[in-house]
Amino acid sequence: MVKNQLRIKSILCAVVLMASLCAVAAYKLPRVASTSVGIEPKQLTLLYDSLLTSDLTELHHLMVVVDGKVAGEIHPAPFKADHKHTLYSVSKTFTAVAVGLAIDDGLLSVEDELVEFFPQYASTIKGIKIKDVLTMRSGFKTNGGMRNSQLDWVDYYLSRPLVATPGTKYSYDSIETYLLAVVVQQVTGKDVLSLLNERVFFPMGIDDVEWEKCPNGFITGGWGIYMTAEAQAMFGQLLLQKGKWNGRQLVSEKWIDDMMTVRVVRKAANDYGYQIWLCEYPGAWRADGAYGQYIIVVPQKNMVVVLNQCSRSKGWPERGNIWNTVVKNAKGCAIEAEPDELGALVQYEANASLPLLQGAADNALAKKYNGKEYKLPKNKLGWRTIKFNFGENKLVLDVIDAEDKKSAIAMGYGEWVESQLAGYPHYSISAKGRFTGITGPFYTGACYAWNNDNVLSAKIHYTNWITSLKLDFKFNENGGLQIEILENFSKKPFVIDVK
């Protein structure tokens, strides 16, 4: 009797806490206790721990949805649930859905040849069908780097000779998906995002998606979509429900089935459909983006898992942890929880944080260099000047970038402090026109600490993007400064020497 009362009290506490969390955010998917959909709290805790303690990844957002209900989610500080995230090649699966809408409307067919839309390149692209582009088998040699140097991507890409017979050789290239976005705009008169907004996102209640554009104004297609984890989860649920949402067929069931049919047989977990990958787990599919962005659809468990991170692994560790915890052990029906397990899980989710820097709050050098401004040589961060402003348990780094925009990046000691950027975050992609179509504003969450060698360390997360920077400021006796910078998507740091 006492044990049952404790269990009821624990569940009620968890529900009350979840309700209070929901009250401060405009959630669109219902939140439920994990046990109500068959997931033990300990399995979620194991999954969270595996990601938060890994040296290979930096967790930003994770959501586990079962039966259309959020059973578990974590957005460790300084990240927040309402922060959008750039998704890299997860974008390709969204573009494939836009292609499907054009096909559903009779405006396009997978058997159509690319030359119908780009007749001026007939001498180089003859024989390439839409289905070849959807499966990365156009016959072109991969050239993703062209987007960093060229302004007219269509002309540069399609002017090259083929290196394989169309439909015969798989060669992954994001520009292939970009071509699909251009074709969709040609046949529908609407860019991919506008089409998806009208036909998919707005009917689902998703109204804050953005997408990068190329220098000629087309949606990038193969990368660049920008949205919240919850919007991603809703999209995954749409795929799980074969294109249906609240009783309305937004995308034809046939097209969703066509997308999730193996078209290219590759190595395990890398079979490919139409811009979507087959997973390690039987029957599951994933939209997959660089640095570990995933929307995983698991029909056998009626489950969707969204993961946003910055991973330097090849994805196997994180996907394996998802499989070995919440997917494999999901019961498929309501289960009981041990006393206090649910409450402890909700507290874990609410209080989770990425690691803060360790060290001292103050150093004699702080007084010496307080207010000092440094002019930096040309560097990949695009920072022109920096100035240190030290306070009690706080540091503000004034940064003026190459566009003369000034940002005051506040950093806490033993806590994350949020600031708003005046410009754009650091980005791993150098494509021409990058950030076009993304409005901002962008935010940072940052902390600092002094180590025993008189080195000032700072950690800056661009919290509604993907990037973080670990900066070690080494002050020289002659007044110079060396800054060692490690990007979260790189294995090795780079150095800025300031005279």
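The model is predicted, so local features need pLDDT of at least 70 and side-chain atom pairs count only at pLDDT 80 or more, while totals for chains, interfaces and linings use all residues. Residues are numbered from 1 along each chain as its sequence is written, and side-chain values use heavy atoms, with hydrogens and water left out.

I begin with the salt bridges. The structure holds 21 of them, each defined as a side-chain nitrogen of Lys or Arg within 4 Å of a carboxyl oxygen of Asp or Glu.

One joins lysine 190 to glutamate 198, with the closest N and O atoms 2.6 Å apart. Lysine 190 is partly exposed at 29% relative accessible area, and glutamate 198 is partly exposed at 42%; here buried means under 20%, exposed over 50%, and partly exposed in between (1.4 Å probe, protein chains only).

Next, strand β20 (residues 481-487), where strands are DSSP runs of E with at least two residues, numbered from the N terminus. Glutamate 487 forms a salt bridge with lysine 380 at 3.4 Å, N to O. This pair links distant parts of the chain, 107 residues apart, with lysine 380 in the loop between β12 (373-375) and β13 (383-391). Glutamate 487 is buried at 2%, whereas lysine 380 is partly exposed at 49%.

From the same strand β20, glutamate 484 meets lysine 474 in a salt bridge of 3.9 Å, N to O. Lysine 474 lies in strand β19 (residues 468-475), so this pair ties together parts 10 residues apart in sequence.

Finally, Arg31, Glu73 and Glu230 are linked in a network of salt bridges.

Definitions and conventions: Helix = DSSP H or I, 4+ residues; strand = E, 2+ residues; numbered from the N terminus.
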